[in-house]
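Dear colleague,

I am handing over the structure we spoke about, with the sequence alongside. My notes on what was found in it follow below.

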Amino acid sequence: MKYVSILLLVSTFSFANAQVKLLTLSELDKRVAKGKDTTYVINFWATWCAPCVAELPNFERLKKEYYKTPVKVILVSMDFKSKLKSDVIPFVKKHRLKSEVYVVDEKDQQAFIEKVDKNWSGAIPATLIAARTRRLFFEKEFANNELEDLVKSIVHGDYKL
Amino acid sequence: MMLGIMAKAQTGYQVGDIATDFNLNNVDGKNVSLANYKDAKGYIVVFTCNTCPVAKAYQSRVEALHKEYAPKGYPVIAINTNDPVTSPGDSYENMQKLAKEKNFSYAYLEDPNHIYTKKFGATKTPHTFVLTKTAKGNEVAYIGAIDNSQDLLSSNMNDFVKNAVNSLLQGKKPEITSTKAIGCGIKWKKEGATE
């Protein structure tokens, strides 16, 4: 049994290795548009942002099987593109992140911020919860079960704006 | 809860508003107000901190702004936004240490209980407000980033703050009055939180 869990750990570890790609905003938008009934929980973070790193486990442990419709977590790093190999990939390996991780691939940071949400000041952490028909934006850090409760209420449709 | 968050994003100064003066403790132990700068034509108020990597990346650029524009009438005044309990690296002692180490030639003030951070509407570090003296008071002329190249690698560098101040010095309105950039969220004081 012990042997099996070690094997599992090793496979999760190696799975995380190669999974960080660059992402443009239009690619992200297309992904959400094609997502049908999927609710995307998109967290904007950076390896250098301590409160972002602190809240990552809340995103990692979102219990997606609770919901009738799919929930997908996407971690979008605002680290510089040039730091993909030196900072982001080693971080993902070290923390064994199992969510999808991307690094933003946009030249114009301001345009990116505006398009994600016009109320975003640019502070991170920030989170966008997006489904085909709805977008909710949060410029804040989530504590403990707050994210779980929020996603639950949004996906179950009893969350009113 | 959602409404509260939305409201927070909307508060603070907009371009054209008149900024309040403050009286805050500098790293040298003396209080600093805008009114202390008798010859100033305006101010470059930078909300920042000791610990944020983006703020750190801008430290030498903030120093250069002060060196260039204080003699022209636009001194830099830096204000630490962060609560020293939530973020011990941002304590007054650590502000003093940093200012000494890096030889800050500008004022670096503490803002206990985030009073002016909230009043101005700073949401991250660094977050810059350029003020210009008018008959009505200190008018907010620019809000946002210092430039568009945090990593100094941009091929089309735009020095937003310099350009804004240069316009003001020529008696013109800045061409670009507000910008956005990625920064560190403010480390707010936790109200009786025991997490």
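In chain A of this predicted model, A:Thr127 stands opposite A:Phe138, a residue of β7(A).

Elsewhere in chain A, helix α4 (residues 84–94) has A:Val88, A:Phe91 and A:Val92 as its buried residues. Because they cover an arc of only 100 degrees around the axis, they sit on the same side of α4(A). The other side of α4(A) carries A:Lys85, A:Ser86 and A:Lys94, which are exposed, and just after the helix A:Arg96 takes a positive phi of about 50 degrees.

Turning to the contact between the chains, 22 residues of chain A and 17 residues of chain B take part in it. On the side of chain A that touches chain B, the elements that give two or more residues are α5 (109–116) and β5 (123–124) of chain A, and the largest share, four residues, comes from α5(A). Sorted by class, that side of chain A has 12 nonpolar, six polar and four charged residues. The chains are also linked through strands, in that two bridges join β5(A) to strand β10 (residues 183–185) of chain B, the two running parallel, and A:Ile124 stands opposite B:Cys184 in β10(B).

Chain B contains five helices and 10 strands. Its radius of gyration is 16 Å, which agrees with the value near 16 Å that a compact globule of 195 residues would have, and its C-alpha atoms fill a box of roughly 50 × 40 × 40 Å along the principal axes. Of the 195 residues in chain B, 42% are buried, and among its contacts with a separation of 6 or more, 73% are between residues 24 or more positions apart.

Six strands of chain B form an open sheet with mixed pairing, in the order β1-β9-β8-β4-β5-β6. Its edge strands, each of which pairs on one side only, are β1 (18–19) and β6 (107–110) of chain B. Strand β5 (residues 76–80) of chain B runs parallel to β6(B) and is joined to it by four bridges, with B:Asn80 standing opposite B:Glu110 in β6(B).

The largest nonpolar core has 90 residues, and those that touch the most other members are A:Trp45, A:Ile124, B:Ile44, B:Ile77, B:Ala78, B:Val130 and B:Val161. Helix α2 (residues 53–69) of chain B gives the most to this core, with six residues. Leaving aside residues up to four places away in sequence, B:Ile77 touches B:Val32, B:Tyr43, B:Val45, B:Tyr106, B:Ala107 and B:Leu109.

In helix α5 (residues 160–169) of chain B, the residues B:Phe160, B:Val161, B:Ala164, B:Val165 and B:Leu168 are buried. Seen down the axis of α5(B), they fall within an arc of 125 degrees, so they line one face of the helix. These buried residues pack against β4 (42–48), α2, β8 (127–134) and β9 (137–144) of chain B, and α5(B) is followed by B:Gly171, whose phi is positive, near 75 degrees.

A few backbone details of chain B may be worth a look on screen. Most residues other than glycine have a negative phi, and most peptide bonds are trans. A cis peptide bond joins B:Thr125 and B:Pro126, with omega about -10 degrees, and B:Pro126 lies in the loop between β7 (124–125) and β8 of chain B. B:Asn103, which is not a glycine, has a positive phi of about 55 degrees; B:Asn103 is in the loop between α3 (92–101) and β6 of chain B, and it counts as exposed because it has 7 C-beta neighbours inside 10 Å. B:His114 likewise has a positive phi, near 55 degrees, and is placed in the loop between β6 and α4 (115–120) of chain B, where it is partly exposed, with 18 other C-beta atoms within 10 Å.

With best wishes

Notes:
Residues numbered from 1 in each chain as written. Chains lettered and ligands numbered in written order. Predicted model: local features only at pLDDT ≥ 70, side-chain atom pairs only at ≥ 80, totals over all residues. Rg over C-alpha atoms; globule rule 2.2 N^0.38 Å. Buried ≥ 20, exposed ≤ 12 C-beta atoms within 10 Å, placed from the backbone. Contact = placed C-beta atoms within 7 Å. Nonpolar A, V, L, I, M, F, W, Y, C, P; charged D, E, K, R; others polar. Pairing = 2+ DSSP bridges. Arc of directions from axis to C-beta. Core = buried A, V, L, I, M, F, W, Y, C linked by C-beta atoms within 7 Å.
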